[in-house]
Amino acid sequence: MSTSLPQNSTSRATAPILRRHLAEGARSLLGWSVALAAVLALYLPVYPSLQTPELADVISSLPTELVSVLGYDQIATGAGYTQAAFFGLLGFALAAIATTAWGTRLLAGAEESGRLELTLAHAVGRVQYGAESAAALVARVLVLSLVTVAVLLVLNPVAELGLSITNVLAATASWAGLSVLSGTAALAAGALTGRSSWSLGVGATVAALGYALNAVGGMSADLEWLVTLSPYHWAFGNRPLSNGFDWGGLALLWGLSAILVGLSCAALSRRDVGR
């Protein structure tokens, strides 16, 4: 009589933490995607109607330094307008808010709720949890990037922006890198402290400080060196929507994010988890 060994029907799924984060964050991701698409659809189609002598007169009446910081010196071009209206302002703010909230919730929020401790008790490694949480953050930003590129390409001929596909991809890659940096900063702070308040504060500070350093450095020749410390400048200082990929800036943004992910995994593996 032949016998057969029992089959394990509950084989372990690949990347379980990543899968769970993506499934649980689907509704939030959809909401942020709709918000970004709505901002693009609201602001970009008005570009042709803004190309008037009256607007040029208003801009010329503003301080030169302020015009440069806001990007209004390039607003007469489709690339300059898109940078000033979306990538450099509203799109930047929305993405920073989203990624900071996600980075906080993925780690510090899970620890404060007791869920992280429970998950780690079920044969999930700490480094695995940190790495897959970071992967979930990056995956969400990539989805937002795809939405942004798709909407931009649809609106490009409608709004008469004259954008090239390569430069749209370049600007979106820089914008995504800047967004991921805020999220990984929040993730690292959560891994180090286990507190949502610290995580949220650090992620928001990275975004706000980057913008402030770029603004202050652009307003004074004596403080121009500050822009070299600004992640915002790393992303947009070379005007990727006009000039294409800035590989140096991308390396700084994504490289620093990778370091923060490593710090998150190391901190999580060496600290007591739980309240």
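Phenylalanine 86 is buried in this predicted model, at a relative accessible area of 1%, where buried denotes under 20% relative accessible area, exposed over 50% and partly exposed the range in between (1.4 Å probe, protein chains only). Phenylalanine 87 is likewise buried, with a value of 0%. The model is predicted, so local features need pLDDT of at least 70 and side-chain atom pairs count only at pLDDT 80 or more, whereas totals for chains, interfaces and linings use all residues. Residues are numbered from 1 along each chain as its sequence is written, and side-chain values use heavy atoms, with hydrogens and water left out.

A pair of aromatic rings is described by the distance of the centres and the angle of the planes. Rings of Phe, Tyr and Trp (for Trp, the six-membered ring) are paired if their centres lie within 6.5 Å; planes under 30 degrees apart are classed as stacked, over 60 as edge-to-face and the rest as tilted. This rule gives 9 aromatic pairs. One of them joins phenylalanine 86 to phenylalanine 87 in an edge-to-face arrangement, with 5.1 Å from centre to centre and 75° between the planes. Phenylalanine 87 also pairs edge-to-face with tryptophan 175, at 6.2 Å centre to centre and 75° between the planes. This second pair links distant parts of the chain, since phenylalanine 87 belongs to helix H6 (residues 78–113) and tryptophan 175 to helix H9, 88 residues apart. Helices are DSSP runs (H or I, at least four residues), numbered from the N terminus. Tryptophan 175 is buried, with a relative accessible area of 1%. Elsewhere, ring pairs connect Phe92, Tyr211, Tyr232 and Phe236 into a cluster.

Serine 182 lies in helix H9 (residues 165–193) and counts as buried at 2% relative accessibility. Apart from neighbours within four places in sequence, serine 182 contacts Ala96, Thr99, Thr100, Gly203, Val206 and Ala207, contact meaning heavy atoms within 4.5 Å.

Two packed helices are described by the angle between their axes and the distance between the axes. The axes of H9 and helix H10 (residues 196–219) come within 7 Å and cross at roughly 150°; axes are lines fitted to C-alpha atoms, for helices over the stretch in contact, and angles run from 0 to 180 degrees between N-to-C directions. H9 and H10 are therefore roughly antiparallel, a class for angles over 145 degrees, with under 35 roughly parallel, 65 to 115 roughly perpendicular and the rest oblique. Residues of H9 that meet H10 include Leu181, Ser182 and Ala185, and their counterparts in H10 include Val202, Gly203 and Val206.

Note on methods:
Helices (H or I, at least four residues) and strands (E, at least two) are DSSP runs, numbered from the N terminus.
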